[in-house]
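I record below what I looked up in this structure, entry by entry.

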Amino acid sequence: MRIISLNLNGVEAASARGLFDWLRTQDADVICLQDIRVTAPELEQDPYWIDGYWQYCFEAEVPSQGGVAIYTKIQPKAIIMGLGFELADRYGRFIQADFDKVSIGCLLLPSGRNGDADLNQKFKFMNEFTGYLNKQRRKRREFIYCGSLHVAHLKLDVKNWRDCQHQPGFMAPERAWMDEIFGNMGYVDALREVTRESDLYSWWPDSEQAQDLNLGLRFDYQFLTPGLRRFVKNAQIPRKVRFSEHAPVIIDYDWTLSI
């Protein structure tokens, strides 16, 4: 099973850069797209439709403010939209596809990079989502979350970590939240399960120097319940495949989807 996760910063611009032509060559079983910025009916039209996939979308109340989508080759048993709290549901920040023994969620956090109000929203979202994750751990099924979290967890996830410690995306409370998810709560960072390589970033500041020198941060993840740890086979974040500010996160699992 191959899962591709990508923050688009708007599907229209990403499509114009060749996103869907590229996706059609990847043979992914599941595609999770964050920050689509369109309505569900718009996403069902060309050029956003991919033959051979079931497509599901949870749009934001104001479409330009978020939205997430899942494309899957196998029709899910169920689709769940939203997390039950305003910061998630108003901005279309979560959609989940349920299969036989595994659920795959597509998640978008506030970036926190647009001033104090945005940062406060991010911390509030993180707190609410922690409660949700704790409840999910008590269920008798496995979960994979494909998320644009806008947080770099470890020092090796940031090019110049000393310069970023007081910037949203690598602040101490944000990293402590990640420690909780991957520590006490037991979730697994899929990429770090198969590689400790540095310089694997998924987001770069919008500057030519940042691009050329690879001054990035790893803001995008696939994380999973511990029962799936041994099924992670390969992980990559192809730096040169760029359709937005973010790079795609591609994980291959030794798992076959079924309903």
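**Entry 1**

I began with Ile3, which stands opposite Ile251 in S12. The model is predicted, so I note the limits: local features need pLDDT of at least 70, side-chain atom pairs count only at pLDDT 80 or more, and totals for chains, interfaces and linings use all residues. Residues are numbered from 1 along each chain as its sequence is written, and side-chain values use heavy atoms, with hydrogens and water left out.

I looked up how S1 and S12 are joined: strand S1 (residues 2-7) and strand S12 (residues 249-253) run antiparallel, with four bridges between them. Strands here are DSSP runs of E of at least two residues, helices are runs of H or I of at least four, and both are numbered from the N terminus. Two strands pair if DSSP finds at least two bridges between them.

The order in this open sheet of six strands is S3-S4-S2-S1-S12-S11, with mixed pairing. Strand S3 (54-58) and strand S11 (232-236) are its edge strands, each pairing on one side only. From one strand to the next the twist averages 15°.

**Entry 2**

Five bridges pair S8 with strand S10 (residues 220-224) in the antiparallel sense, and Cys146 stands opposite Gln222 in S10.

I checked the helices next. Axes are lines fitted to C-alpha atoms, for helices over the stretch in contact, and angles run from 0 to 180 degrees between N-to-C directions. Contact means heavy atoms within 4.5 Å.

The largest nonpolar core has 35 residues, and Ile104, Ile144 and Tyr253 have the most contacts inside it. S7 supplies the largest share, four residues. Such a core is a set of buried Ala, Val, Leu, Ile, Met, Phe, Trp, Tyr and Cys residues joined through side-chain atoms within 4.5 Å. I listed contacts of Tyr253, among them Ile3, Ile144 and Gln222.

Is His150 buried or exposed? His150 is buried, because its relative accessibility is 8%, where buried means under 20% relative accessible area, exposed over 50%, and partly exposed in between (1.4 Å probe, protein chains only). His150 is found in the loop between strand S8 (142-148) and helix H6 (161-164), and touches residues including Asn7, Lys122, Glu174 and His246.

Definitions and conventions. Lists of a residue's contacts leave out its neighbours within four places in sequence.
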